[in-house]
Amino acid sequence: MAILEVKNIEKHFGNTKVLKDVSFSLDAGNTLAIIGSSGSGKTTLLRCLNFLETPDHGTISVHDKVIFDASLPASDNEKDLRRKRLHFGMVFQSFNLFPQYTALENVMLAEQLLAKERPDFKQNKKQIYAEIEEHGKALLAQMGLADRMDHYPHQLSGGQQQRVAIARALALKPDILCFDEPTSALDPELTGEVLKVIRSLAENKTTMVIVTHEMSFARDVADQIIFMDGGIVVEQGDAKQVIDNPQEERTKQFLSRYTQG
Amino acid sequence: MPEMFWSVNQSLLLALVDTFKIFACTLVFAIPLGLLLSFGSMSKIKPLKYLIDLIVWVFRGTPLMLQLFVVFYIPGILLHNNIWGSGTDGRMLATIVAFSLNYACYFSVIFRGGIEGVPAGQREAGEVLGMTKSQIFFKITLLQMIKRVVPPMSNEIITLVKDTSLARVIGVVELTHAGYAYIKAAGIIWPLFYTAVFYLLFVGILTILFNFIERKLSYFR
């Protein structure tokens, strides 16, 4: 069953159309990789899902419920918008960890702030905070960072920072976890540790949308692939099929550059 | 002679209290006001932004000494009523108002730079984690901004120490005023020169304080 349904999304900045009639759907537990050259609109598409950009046209539905409809006036108050946002988690290319907090604090912060809105917060404050801390520690341990919890971001390598960022995004248990070129800012030696973590998330049936330039990774890990060019979806389908046997001329052209090395 | 030295010290210390009053009150009012102005200058509401740009231009574009005169005398001229009240308290009040407005304008530009210097990715990371605008400001942006503005703010605050000497033009008996008074009253000029020691000590303590703050904030980058 489709957990995410994106229909006819359009987005322009000024006179430049960045997304043209983009539609796709994603089943729960599946991984979607979005590939394409720079400027093809894939990052903008991801940012639309996370409400960092507002599409000019189209709808976004999660669990068969429309959470965004461009034809309706944006009347959301901050609280509603936040609740909708929490369907999605986001891992950025440049990590964007909060530098003044330790790894563990980065992971716990949003959960602690949300907990304050719970009606039982005042009575059970201690217990709630203890649970959040336990959850944060478990997530970092899952990322292989059990011994780095009290480090500040600048004391961590890029690969470690990105793994903290993944733990931070997972902390709020999003329905769909989005990655925007998660390894593009990393040294080649460090990409492996991040890809390994994403791979294990895929094996655990985390629903993910990954914008990536790692073609072999996309082929291995993703269930579905979307190839974008010039703001349109040129080709989409089963991951191995799209990579191994592309149908569209533009896709073949794009992929040949990667296979030639 | 030693008696003279102690009496000068005594009167300069007394004047230093007023110098400190101007200094401390200006910071207390100008920092929050400067923060408000910086928000206004980044506002999407264009008329508000232009209005604040105009205010900042006027206060940074004219001498602080002139602003002291205007703030102190204009109410009396226009309203035929000295709203500052008579006596030294009124002069002090007018001084603090003029200084606070002037420094708030300088601070607002520094604060805006500090806020805009925090990468957009920080705010976006907060947004996708479901934080409210105020949570993002207080939990993420503020401390990063403070770290950025400490060096330029320390410059401005040290300048403020010495700018307090301008208050003598509307008759506030601050440090320089008290030192200068000895020329007429006793025919000696060394007390005026001697005020430098007080300014230097004042600024010295501030410098130590700023170094301490910078060290405290050096645990992150």
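Let's start where the two chains meet: 24 residues of chain A and 20 residues of chain B make the contact, where contact means heavy atoms within 4.5 Å. The model is a predicted one, in which local features need pLDDT of at least 70, side-chain atom pairs count only at pLDDT 80 or more, and totals for chains, interfaces and linings use all residues. Residues are numbered from 1 along each chain as its sequence is written, chains are lettered from A and ligands numbered from 1 in the order in which they are written, and side-chain values use heavy atoms, with hydrogens and water left out.

The size of an interface is often given as the accessible area lost when the parts come together. Between chain A and chain B the buried area is about 2200 Å², with carbon and sulfur atoms giving 60% of it; this is the accessible area (1.4 Å probe) that two parts lose on being put together, summed over both. The rule finds 2 salt bridges across this interface, a salt bridge being a side-chain nitrogen of Lys or Arg within 4 Å of a carboxyl oxygen of Asp or Glu. Arg47(A) forms a salt bridge with Glu124(B), and their closest N and O atoms are 2.8 Å apart. On the chain A side, α2 (78–85), β6 (88–91) and α3 (103–115) each supply at least two of the residues that touch chain B.

Now look at chain B itself. It has 8 helices and 0 strands, where helices (H or I, at least four residues) and strands (E, at least two) are DSSP runs, numbered from the N terminus. Its C-alpha trace spans about 70 × 45 × 25 Å along the principal axes. Of its 221 residues, 44% count as buried; buried means under 20% relative accessible area, exposed over 50%, and partly exposed in between (1.4 Å probe, protein chains only).

Back in chain A, you will find an open sheet of 4 strands in the order β2-β1-β4-β5, with antiparallel pairing; two strands pair if DSSP finds at least two bridges between them. Its edge strands are β2 (16–27) and β5 (65–69), each pairing on one side only. Strand β4 (residues 57–62) is joined to β5(A) by 4 bridges, and Ile60(A) has Phe68(A) as its bridge partner in β5(A). Helix α1 (residues 42–49) lies across β1 (2–13), β2 and β4, running at about 65° to β2(A). Axes here are lines fitted to C-alpha atoms, for helices over the stretch in contact, and angles run from 0 to 180 degrees between N-to-C directions.

Glu181(A) sits in the loop between β7 (176–180) and α6 (188–203) and is buried, with a relative accessible area of 11%. Its side chain makes polar contacts with those of Ser184(A), at 2.8 Å, and His213(A), at 3.5 Å. Val221(A) belongs to helix α7 (residues 215–221) and counts as buried because its relative accessibility is 9%. Leaving out residues up to four places away in sequence, Val221(A) touches Thr31(A), Arg199(A) and Ala202(A).

Technical notes:
Polar contact = N/O pair within 3.5 Å; in protein donor to acceptor, adjacent residues only side chain to side chain.
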